[in-house]
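Student: I have a model open and would like to learn how to read its features. Could we go through them one at a time?

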Amino acid sequence: MTTPPALLIAGHGTRDDAGAEAFRAFVRELGRRRPDLPVAGGFIELSPPPLGEAVAELVRRGVRRFAAVPLMLVSAGHAKGDIPAALAREKERHPGLTYTYGRPLGPHPSLLRVLERRLAEAVDPSWDPAEVTVLLVGRGSTDPDANAEVFKAARLLWEGRGYAGVETAFVSLAAPDVPSGLERCARLGARRIVVLPYFLFTGILPDRVRTQTEEWAAAHPDTEVRSADVIGPEPELLDLVLERYEEAVRGDLRMNCDSCVYRIALPGFEDKVGLPQQPHFHPDDDGHHHGHGHAHSHSHAH
């Protein structure tokens with residue numbers, strides 16, 4: 001019987017120790033779920049272990065083939081450019097190694113169910129959903145396609161669930177920010193707002209969302225504001241990562257290229273079309289400190 005390819009989980013990275021440990025614990029749980037698979041995980045930046053170390057661990061375990069799944073909700077610069085570049089570099093470091101690259105998690109129906117649970121936990125059971133406005137808060141990116149994905153998730157969360165509305169905001173790099181998003185909800189007549197972080201695990205940015213929400217709520221006592229929790233290591237998330245793994249193994253790759261700045265001349269981003277893929281070095285490689293102002297490179301698996 002042919003040994004299935006190993007599973008490599010690629011994480012964004014965080015300066016938050018609890019968030020980094022949540023990722024590592026999630027990778028360990030995936031390994032327990034699939035004892036037939038060698039499983040390893042690493043980060044692109046900010047926290048150990050780096051992705052290269054995770055690949056080296058798989059190689060030490062005798063792995064020659066693996067499928068990499070980005071543990072990310074949207075396809076931004078990391079999923080589009082940095083991870084493919086890092087994987088290409090690892091292939092050069094380890095001759096004979098082959099891999100396929102899966103797609104980000106996206107607003108999958110199973111994750112929408114988890115978000116719905118997080119909302120249910122945050123609201124008073126007596127509240128009518130028609131009186132609740134949800135503010136979905138994403139990470140934020142310099143990539144318009146990535147930001148558009150958060151709006152797509154918001155729309156899918158709103159469809160058929162009866163909320164007064166689902167608005168969108170971002171905690172960094174993109175407008176509207178959290179206070180502006182809350183202000184928009186209030187101007188639309190919201191009396192009850194639930195702020196829902198569109199993040200997988202706890203970390204500095206989700207903490208910032210909660211803090212900014214509390215500050216805005218304190219200044220607007222007439223509006224009832226609740227904060228929901230992050231998605232977390234739910235069974236649905238474990239299932240979805242394994243689904244993305246199986247897609248990658250089968251070669252069923254459907255990365256979103258339709259509105260990608262590296263392929264399509266989007267207004268204001270025309271200079272990014274056709275940019276060559278450049279490896280993006282990270283702190284654990286060579287002391288590089290990450291700045292989000294640069295132009296990310298891009299690679300697609302087609």
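Student: Leaving aside its neighbours within four places in sequence, which residues is serine 110 in contact with?

Tutor: Keep in mind that this is a predicted model. Serine 110 is in contact with Glu236 and Leu240, once neighbours within four places in sequence are left aside. Serine 110 is found in helix H4.

Student: Is serine 110 buried or exposed?

Tutor: The cut-off for buried is under 20% relative accessible area. Serine 110 has 6% relative accessibility, so it counts as buried.

Student: How do I read the packing of two helices, and at what angle do the axes of H4 and H5 cross?

Tutor: Look at the axes, then at the residues that meet. The axes of helix H4 (residues 109–122) and helix H5 (residues 144–158) come within 10 Å and cross at roughly 70 degrees. H4 and H5 are therefore roughly perpendicular to each other, and H4 passes H5 in a right-handed crossing. On the H4 side the meeting residues are Leu112, Leu115, Glu116 and Leu119; on the H5 side they are Ala153, Leu156 and Leu157.

Student: Now sheets. What is the strand order in the open sheet that contains E1?

Tutor: Strands of a sheet pair through backbone hydrogen bonds, either parallel or antiparallel. Here the order is E2-E1-E3-E4, with parallel pairing. Strand E2 (39–43) and E4 are at the edges with a single partner strand each, so one side of each has no neighbour in the sheet. Neighbouring strands are turned against each other by 25 degrees on average, direction ignored.

Student: How many bridges join E1 to E2, and what is the bridge partner of leucine 7 in E2?

Tutor: Five bridges join E1 to E2, and leucine 7 has valine 39 as its bridge partner in E2. Strand E1 (residues 6–11) is also joined to E3 by five bridges, with leucine 7 opposite alanine 67 in E3. E3 in turn is joined to strand E4 (residues 98–101) by four bridges, and alanine 68 stands opposite tyrosine 101 in E4.

Student: How many residues of E3 are buried?

Tutor: Five of the six residues in strand E3 (residues 65–70) are buried. As for helices on this sheet, H8 touches E1, E3 and E4, and its direction makes about 130 degrees with that of E3.

Student: How should I read a nonpolar core, and which residues have the most contacts inside the largest one?

Tutor: In soluble globular proteins, nonpolar side chains tend to be buried together. The largest nonpolar core here has 50 residues, and Leu7, Ile9, Leu30 and Leu71 have the most contacts inside it. Helix H8 (residues 235–250) supplies the largest share of this core, seven residues. Another core, of 19 residues, lies apart from it and includes Ala6, Leu8, Ala54 and Tyr101.

Student: What is the order of the strands in the open sheet that contains E5?

Tutor: Four strands form that open sheet in the order E6-E5-E7-E8, and the pairing is parallel. Strand E6 (165–170) and strand E8 (224–227) stand at the edges, each with a single partner strand, so one side of each lacks a neighbour in the sheet. Six bridges join strand E5 (residues 132–138) to E6, and leucine 136 has threonine 168 as its bridge partner in E6.

Student: Which strands does H5 lie across?

Tutor: H5 lies across E5, E6 and strand E7 (192–197), running at about 160 degrees to E6. Helix H6 (residues 178–187) lies across E5, E6, E7 and E8, running at about 160 degrees to E5.

Technical notes: Residues numbered from 1 in each chain as written. Predicted model: local features only at pLDDT ≥ 70, side-chain atom pairs only at ≥ 80, totals over all residues. Heavy atoms only, no water. Buried < 20%, exposed > 50% of the residue type's maximum accessible area, 1.4 Å probe, protein only. Pairing = 2+ DSSP bridges. Core = buried A, V, L, I, M, F, W, Y, C linked by side-chain atoms within 4.5 Å. Axes fitted to C-alpha atoms, helices over the stretch in contact; angles between N-to-C directions. Parallel < 35°, antiparallel > 145°, perpendicular 65-115°, else oblique. Left-handed = near helix turned anticlockwise from the far one by under 90°. Contact = heavy atoms within 4.5 Å.
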